Amino acid sequence: MAAAYGDSIGAVEGLFRTIAWAGMLAVAVLLPAQRADAEPSTKPLKVVMLGDSLTAGYGLPGPDAFPVKLQAALQAEGISAELINAGVSGDTASGGLERLDWSVPQDADAVVVELGANDALRGLDPKVTRKALTGILEKLKARNLPVLLTGMMAPPNYGADYAAQFNAIYPDLAKQFGVPLYPFFLDGVATIASLNQADGMHPNAKGVDAVVKSILPTVSAFLRDVAAKRG
């Protein structure tokens, strides 16, 4: 009888061990799936659009602003990016430099610089514009932030000498700092009445579409490179 009792106890213990092992196996199988599900998806690139009224969307409804439309175009190309509109109407390159530290947050992944149009319209000394843009690029380089520089061209009313000095700023700085350059932000839009607002200087909704279409390949290549380096 004692032997039978011992056999019964052993059978029960064996059953418990079997159940325990089965439970541990189930947990081991489930946990990896749970961990995989818990992993956050890749964050979109946070890209600061540092600019003036051309970036801010002067005279346009919010959805028609350049950063909004560019972000949608990038998403259509499979590029996940959050474009932060840091455009201030009336800002000069010097103004952009002054507000750089608070306009570009610490968690930014890249910056697109669109400044200088107001400098040219006001006929500011190109040396002042060059110095300000140099300061912006130096600060961003010190923060190890990738930069895409967009160029601007001087209006013809200030003469050929002024235009030559001003227009040379952007390719010179792009080469000096080793950053990609989109030569002229308003390429294909400037001076075309149907693509501009009544003031003749700010793109209308169709004009913004034209700017986005033209600049998209450059921005796409820039952000793909940023994403690849971020890993």
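Q: What should I know about the model before we start?
A: It is a predicted model, in which local features need pLDDT of at least 70 and side-chain atom pairs count only at pLDDT 80 or more, while totals for chains, interfaces and linings use all residues. Residues are numbered from 1 along each chain as its sequence is written, and side-chain values use heavy atoms, with hydrogens and water left out.

Q: How many helices and strands are in the protein?
A: The protein has 10 helices and five strands. These are DSSP runs numbered from the N terminus, with helices (H or I) of at least four residues and strands (E) of at least two.

Q: And what share of the residues is buried?
A: Buried residues make up 42% of the 231 residues. Buried means under 20% relative accessible area, exposed over 50%, and partly exposed in between, with a 1.4 Å probe and protein chains only.

Q: What about contacts, how many join residues at least 24 apart?
A: Of the contacts between residues at least 6 apart in sequence, 78% do. Contact means heavy atoms within 4.5 Å.

Q: On to helices. How do the axes of H7 and H9 cross?
A: The axes of H7 (residues 126-142) and H9 (residues 169-177) cross at roughly 30° and come within 11 Å. Axes are lines fitted to C-alpha atoms, for helices over the stretch in contact, and angles run from 0 to 180 degrees between N-to-C directions. H7 and H9 are therefore roughly parallel to each other. Angles under 35 degrees count as roughly parallel, over 145 as roughly antiparallel, 65 to 115 as roughly perpendicular and the rest as oblique.

Q: Which residues meet there?
A: On the H7 side they include Leu133, Leu137 and Lys141, and on the H9 side they include Tyr170, Leu173 and Phe177. By class, the contact has seven nonpolar, two polar and four charged residues. Ala, Val, Leu, Ile, Met, Phe, Trp, Tyr, Cys and Pro count as nonpolar, Asp, Glu, Lys and Arg as charged, and the others, Gly among them, as polar.

Q: How do H3 and H10 lie to each other?
A: The axes of H3 (residues 66-76) and H10 (residues 205-230) come within 9 Å and cross at roughly 55°, so H3 and H10 are oblique to each other. Among the residues in contact are Phe66 and Leu70 in H3, and Val208 and Ile215 in H10. The classes here are 12 nonpolar, one polar and two charged residues.

Q: How far apart are Thr150 and Ile215?
A: They are 65 residues apart along the chain, and their C-alpha atoms are separated by 9.3 Å.

Q: Last one: what does the side chain of Ser103 reach?
A: It reaches the backbone oxygen of Arg99 at 2.9 Å.

Methods:
A polar contact is a pair of N or O atoms within 3.5 Å; within protein, one must be able to donate a hydrogen and the other to accept it, and residues adjacent in sequence count only if both atoms are side-chain atoms.
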